[in-house]
Amino acid sequence: MNAQPNVEVCLSPQLLHLYPLQNRVVVIVDVLRATSTIITALAHEVAGIIPVAKLEQCEAYKRLGFITAAERDGKKAEGFDLGNSPFSYMAEELKGKTIVFTTTNGTEAISKSSSASLILIGGFLNITALSKFLIEKNQDTLLLCAAWKGKPNIEDTLFTGALLHKLLPHFSSSTDDNLLALSLYQQSMLNKWELIQKSSHVKRLQGLGIERDIEFCLSEDLYPVVPYFNGEALVI
Ligand code: MLT
């Protein structure tokens, strides 16, 4: 009987140096809103999302004629075509297009994971399809929370707990990070919304009048797609 693959949670990209990425699948988690937006865009037939960590990289692509999307601190950055609301990526005219995309935390987490054997995109929107993919893949896996400017957050940690709950019969797991995420998930089973309302980013988005994105990004299994990085772009 083969040993089970291992799954671990990394609560912030600031801790990523503690986790070897070679021969590991990395799932990027940025529930509010980068990975939810990426899942939504690709499910609505956007051809590909090119993630870049810096605004300057996005500006360079814009000069080359690409469609560009940039968000900083929850707001659409000036001078780009799109921000980071999943609702902006459902438009008919984006079908078949490639979009260059940068956000406050999510795209930085992606760029820091380049040595992983496979980078996947996860959120509540694709949680079951993602769990089935990971179980089938049967490889050591790291669930990387994009967090907020290096500090762990509730929504990404909660998601990793919910995903762990689906994975654990098929994966070995022993770290305290995993236990923290699982405990948060078990606590939230009573009332996910009550817990999420305490998130600093939820308060930030509510302050920007972006409530509808929050509810949408917390919906489970709207899109049975598992975006992966093909070396150039995120695709399905
Ligand atoms: C992030 O990158 O942390 C988020 O996507 C920020 C946001 O769009 O609200």
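These questions and answers walk through a predicted model, one element at a time.

Reader: At what angle do helix α5 and helix α6 pack?
Author: Helix α5 covers residues 154-167, and helix α6 covers residues 176-188. Their axes lie 7 Å apart. The angle at which they pack is about 90°.

Reader: Are α5 and α6 roughly parallel or roughly perpendicular to each other?
Author: Two packed helices are described by the angle between their axes and the distance between the axes. Here the angle is about 90°. Angles of 65 to 115 degrees count as roughly perpendicular. Therefore α5 and α6 are roughly perpendicular.

Reader: How many charged residues does the contact of α5 with α6 have?
Author: On the α5 side, the residues include I154, L158 and H165. They meet residues of α6, among them A181, L182 and Y185. By class, the contact has 8 nonpolar and 6 polar residues. The number of charged residues is none.

Reader: Is H201 buried or exposed?
Author: H201 sits in helix α8, residues 200-207. Its relative accessibility is 4%. Buried means under 20%, so H201 counts as buried.

Reader: How many of the residues in strand β6 are buried?
Author: Strand β6 takes in residues 98-102. The strand is mostly covered. Of its 5 residues, the buried ones number 4.

Reader: What is the bridge partner of T68 in β6?
Author: Strand β4 spans residues 67-72. It runs parallel to β6, with 4 bridges joining the two. In β6, T68 has as its bridge partner V100.

Reader: Is K192 buried or partly exposed?
Author: K192 is part of helix α7, residues 192-196. Its relative accessibility is 22%. Buried would mean under 20%, and exposed over 50%. K192 therefore counts as partly exposed.

Reader: What distance separates the C-alpha atoms of K192 and L158?
Author: Leaving aside neighbours within four places in sequence, K192 is in contact with F124, L158, L218 and E220. L158 is also one of the α5 residues that meet α6. K192 and L158 are 34 residues apart along the chain. Their C-alpha atoms are separated by 8.9 Å.

Notes
Residues numbered from 1 in each chain as written. Predicted model: local features only at pLDDT ≥ 70, side-chain atom pairs only at ≥ 80, totals over all residues. Heavy atoms only, no water. Axes fitted to C-alpha atoms, helices over the stretch in contact; angles between N-to-C directions. Parallel < 35°, antiparallel > 145°, perpendicular 65-115°, else oblique. Contact = heavy atoms within 4.5 Å. Nonpolar A, V, L, I, M, F, W, Y, C, P; charged D, E, K, R; others polar. Buried < 20%, exposed > 50% of the residue type's maximum accessible area, 1.4 Å probe, protein only. Pairing = 2+ DSSP bridges.
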